[in-house]
Amino acid sequence: MEIRILGPVELELGGRRLRLGGPKQRALLSLLALKANLTVSVDRLIEGLWGEEPPASAAKMVQLYVSQLRKLLAEEAGAEIVTHGRGYELRLDHEAVDAARFERLVAEASQAEVRAGDVASDRPERAVSALERALSLWRGAPLGDLVGEPFAWGEIARLDDLRVAALEQLVEAK
């Protein structure tokens, strides 16, 4: 399974891209994927989906979107949405989210660069390789199809900043 948010939001299971619902369902999946394996409160989800003026039915709509996502994930072993009180947790391998993989690879490159002064001479090449793999995960603007969603601006800015830093790091490593 792979959840892609470094571009338009996509969900791939078993080599095929699944059809996600409208922007709110894709936004909910993204919110949960960005906090994979952590509980996200219903209040935080409502705020992320509707901002400061949610509809009266917001909590019920979150339940509906979670139910629809659970059906999509039902065939994937090792991925599920679990209810915790008034919150939800997307349980999955952290590497299944492209943004998490990107951040791990950038951190790996940073560690290789820090150790570049060591005796091992392949450290800069390892940093370049990790950064190139990290940057290859990008398919466009992060959360590209969710720009208007209330939670998206902060995450888009954060991910864009990380991408620019990774590009700068790659130039320096080369």
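A polar contact is a pair of N or O atoms within 3.5 Å; within protein, one atom must be able to donate a hydrogen and the other to accept it, and residues adjacent in sequence count only if both atoms are side-chain atoms. The model is predicted: local features need pLDDT of at least 70, side-chain atom pairs count only at pLDDT 80 or more, and totals for chains, interfaces and linings use all residues. Numbering starts from 1 along each chain as its sequence is written, and side-chain values use heavy atoms, with hydrogens and water left out.

**View 1. Overall layout of the protein.** The protein has six helices and six strands. These are DSSP runs numbered from the N terminus: helices are H or I with at least four residues, strands are E with at least two. In order from the N terminus, the elements read β-β-β-α-β-α-α-β-β-α-α-α. The C-alpha trace spans about 60 × 35 × 30 Å along its principal axes. Of the 174 residues, 45% count as buried. Buried means under 20% relative accessible area, exposed means over 50%, and partly exposed lies in between (1.4 Å probe, protein chains only).

**View 2. Arg4 and its two glutamate contacts.** Arg4 belongs to strand β1. Its relative accessibility is 16%, so Arg4 counts as buried. The side chains of Arg4 and Glu12 are joined by a polar contact of 2.7 Å. Another polar contact, of 2.8 Å, runs from the side chain of Arg4 to that of Glu10.

**View 3. The open sheet β1-β2-β3.** Three strands make up this open sheet, in the order β1-β2-β3, with antiparallel pairing. Strands pair if DSSP finds at least two bridges between them. β1 (2–4) and β3 (16–18) are at the edges with a single partner strand each, so one side of each has no neighbour in the sheet. On average, neighbouring strands of this sheet are turned by 30° against each other, direction ignored. The axes are lines fitted to C-alpha atoms, for helices over the stretch in contact, and angles run from 0 to 180 degrees between N-to-C directions. β1 is joined to β2 (residues 10–13) by three bridges, and the two run antiparallel. Glu2 stands opposite Glu12 in β2.

**View 4. Helix α1.** Helix α1 covers residues 23–34. Of its 12 residues, 10 are buried, so α1 is largely enclosed by the rest of the structure. Among the buried residues are Lys24, Gln25, Arg26 and Leu29.

**View 5. The aromatic pair Phe102–Trp138.** There is one aromatic pair in the structure. The ring centres of Phe102 and Trp138 are 5.4 Å apart and the planes stand at 80°, so the pair is edge-to-face. Rings of Phe, Tyr and Trp (its six-membered ring) pair if their centres lie within 6.5 Å; planes under 30 degrees apart count as stacked, over 60 as edge-to-face and the rest as tilted. Phe102 lies in helix α4 (residues 98–114) and Trp138 in the loop between α5 (123–136) and α6 (152–173), 36 residues apart. Phe102 is buried at 1% relative accessible area. Trp138 is buried too, at 11%. The charged end of Arg163 sits over the Trp138 ring, 5.3 Å from its centre. This requires NZ of Lys or CZ of Arg within 6 Å of the ring centre and within 35 degrees of the ring normal.

View 6. Asn37 is not a glycine, yet its phi is positive, about 70°. Asn37 is in the loop between α1 and β4 (39–41). Asn37 is partly exposed, at 32% relative accessible area. Leu143, in the loop between α5 and α6, has a positive phi near 50°. Leu143 counts as buried, at 0% relative accessibility.

Conventions: Expected span 1.5 Å × (residues − 1).
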